[in-house]
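Here's a short tour of one protein chain. Have a look at the sequence and the 3D view, then read on.

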Amino acid sequence: MAKRLIPSFNRILVEKIIPPSKTNSGILLPEKTPKLNSGKVVAVGPGARDRDGKHIPVNLKEGDTVLLPEYGGTEVKLGEKEFHLYRDDDILGTLHD
């Protein structure tokens with residue numbers, strides 16, 4: 001990526017994970033298979049401030065795999081890739097292996 005986007009406040013830049021359309025052996029998978037709306041955190045903002053001016057850090061870090069809401073976020077296109085900006089509160093959870 002030629003440019004590096006650093007989100008402001010409590011925003012998170014996510015690259016959505018696209019499930020494979022075929023297996024390693026070449027078998028095409030039907031589109032009706034249940035897919036998980038997930039993504040990988042690419043960049044994280046510094047955090048927000050509360051009413052008293054105290055810093056509230058973001059709960060996520062770069063490289064985390066997160067569960068995303070079905071709708072929402074702001075689509076951002078950087079070069080050939082598409083990313084989405086979400087607020088920290090919009091992320092539903094983190095996924096672990």
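## Surface and ground rules

The chain's accessible surface is about 7600 Å², and carbon and sulfur atoms account for 52% of that (areas come from the Shrake-Rupley method with a 1.4 Å probe; for residues, only the protein chains shown count as cover). Buried residues make up 28% of the 97 residues; buried means under 20% relative accessible area, exposed over 50%, and partly exposed in between (1.4 Å probe, protein chains only).

Keep in mind that this is a predicted model, where local features need pLDDT of at least 70 and side-chain atom pairs count only at pLDDT 80 or more, while totals for chains, interfaces and linings use all residues. Residues are numbered from 1 along each chain as its sequence is written, and side-chain values use heavy atoms, with hydrogens and water left out.

## Strands

You'll find eight strands and zero helices here (DSSP runs numbered from the N terminus: strands are E, at least two residues; helices are H or I, at least four). Take contacts (heavy atoms within 4.5 Å) between residues at least 6 apart in sequence: 62% of them join residues at least 24 apart.

## The cores

The largest nonpolar core has ten residues, including Ile12, Val14, Val66 and Tyr86. A nonpolar core is a set of buried Ala, Val, Leu, Ile, Met, Phe, Trp, Tyr and Cys residues joined through side-chain atoms within 4.5 Å. Apart from it lies another core of six residues, among them Leu13 and Phe83.
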